[in-house]
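Here are my notes on this model, point by point. Please read them with the structure open.

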Amino acid sequence: SDPEPKKATAFAVGILWFFAHQLIGVGNDVIMKYTGSTLSVAQVVFLRFAFATLTMLPVMFLSGMDSFKTDRVPLHVARSVLLACGIALYCKGLAAAPIAVVTTLNFTIPLFTLVMARVFLKETVDATRWIGTLAGFAGVMVVMQPGAAAFNPAWLVVLLSAAMFASLDVLNKVFVGKESFWAMIFYTALFTTCIAAVPASLAWVTPTAAQLGLLAILGAGANLLLFCLLKSFSLVDASALAPFRYTELMWSAAVGFLVFGEIPAATTLIGAAVIIPSTLYVVWAENRKN
């Protein structure tokens, strides 16, 4: 049997898992944008991760009691603080900005990761990757239009959330290895629920049955998102998947238009045309170095 067709099939299946991951992500964005318009951000974050924790419990029990073992509680707490802040800011951004803008600005995560790896991990970054990073942030300026009348300072929270998610990536780089994957997802969801509980209780509004149903789907979707991503990573190299990350802009622009009647601004598309090649270059240079 020829390994080439098998490799091609694995690649195609891996890409399909990756697209599933993206579509679930865009679906989650829609739910967060919709529920975040009537419930507080803290309450959305709390309920999202409470449902994520509950839907993880059967998986944990089926995997055996060993999957609950962890000797890295401080790491899970640190991850959860970053995740709670990142998702809260992201949810705030979704309330203020069109979905296509949020997706485009979120493409800057690899650029923030590169800067933070330089600062915190003392990784050497060559000139070409700095140029790629600066070009990417120039694209952000095109989307944000800081000097124009259309500038909305509320959109800055999306960039802040991207910085939080990049910090999470850097933290994962430092602590990669010993922890089981299920324990990582479960404890991160559990501690994020605990962190969001206090601010959520202070601004609590009794959710309707429909809102609770949507947030339960959001919680399960958050776990499913990771599952699809890991399935794609098991079949295709992360570096090979990098170019496909940007198809998410097509899904989010289409969903933003169909669900919320949002038409992407020309500046969003031009900015994306600058940000996408820049981050692709940075990711490509990073992989070549490794």
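1. A cut-off comes first. A residue is buried under 20% relative accessible area, exposed over 50%, and partly exposed in between. Ala240 has a relative accessible area of 30%, so it is partly exposed. It lies in helix H10, residues 238–241. Please keep in mind that this is a predicted model.

2. Trp284 is 44 residues away from Ala240 along the chain. In space the two are 9.2 Å apart, C-alpha to C-alpha.

3. Next, H2 and H8. Helix H2 covers residues 41–62 and helix H8 covers residues 181–202. Their axes come within 8 Å and cross at roughly 150°. Angles over 145 degrees count as roughly antiparallel, and so H2 is roughly antiparallel to H8. From H2, the contact includes Phe46, Phe49, Met56, Leu57 and Met60. From H8, it includes Trp182, Ile185, Phe186, Leu190 and Pro199. Threonines take part on both sides, among them Thr53 of H2 and Thr192 and Thr193 of H8. The crossing of H2 and H8 is left-handed.

4. Now H3 and H4. Helix H3 spans residues 73–96. The axes of H3 and H4 come within 8 Å and cross at roughly 140°. The two helices are therefore oblique to each other. Their crossing is right-handed. Tyr90, Gly93 and Leu94 in H3 meet Ile99, Val102 and Asn106 in H4.

5. H4 also packs on H6. Helix H4 is residues 99–106 and helix H6 is residues 127–144. The angle here is about 165°, with the axes 10 Å apart. H4 and H6 are therefore roughly antiparallel. This crossing is left-handed. On the H4 side, Val101, Thr104 and Leu105 make the contact. On the H6 side, the residues are Val140, Val143 and Met144.

6. What does Trp155 touch, leaving aside its neighbours within four places in sequence? The contacts are Ala96, Ala97, Pro98, Val101, Leu105, Val143 and Met144. Val101 and Leu105 also belong to the H4 side of the packing with H6, and Val143 and Met144 to the H6 side. Trp155 itself sits in the loop between H6 and helix H7, residues 156–175. Its relative accessible area is 13%, so Trp155 is buried. Ala96 is 59 residues from Trp155 along the chain, yet their C-alpha atoms are separated by 6.6 Å.

7. Helix H5 runs over residues 109–120, twelve residues in total. From first C-alpha to last it reaches 16 Å, close to the 16 Å expected at 1.5 Å a residue. Its buried residues are Ile109, Pro110, Leu111, Phe112, Thr113, Leu114, Met116 and Ala117. Just after H5, Lys122 takes a positive phi of about 55°.

8. Helix H11 has 13 residues, 248–260. It reaches 17 Å from its first C-alpha to its last, close to the 18 Å expected at 1.5 Å a residue. Buried here are Glu248, Leu249, Ser252, Ala253 and Gly256. Seen down the axis of H11, these fall within an arc of 130°, so they line one face of the helix. The face turned away from that buried side carries the exposed residues Met250 and Leu258. Gly261 follows H11, and its phi is positive, near 65°.

9. Which residues does Ala253 contact, beyond neighbours within four places in sequence? They are Ala100, Glu262 and Pro264. Ala253 is in H11. At 18% relative accessibility it counts as buried.

10. Ala265 lies between H11 and helix H12, residues 266–289. At 37% relative accessibility, Ala265 counts as partly exposed. Leu159 is 106 residues from Ala265 along the chain, and their C-alpha atoms are separated by 18 Å.

How values were computed:
Residues numbered from 1 in each chain as written. Predicted model: local features only at pLDDT ≥ 70, side-chain atom pairs only at ≥ 80, totals over all residues. Heavy atoms only, no water. Helix = DSSP H or I, 4+ residues; strand = E, 2+ residues; numbered from the N terminus. Expected span 1.5 Å × (residues − 1). Buried < 20%, exposed > 50% of the residue type's maximum accessible area, 1.4 Å probe, protein only. Arc of directions from axis to C-beta. Axes fitted to C-alpha atoms, helices over the stretch in contact; angles between N-to-C directions. Parallel < 35°, antiparallel > 145°, perpendicular 65-115°, else oblique. Left-handed = near helix turned anticlockwise from the far one by under 90°. Contact = heavy atoms within 4.5 Å.
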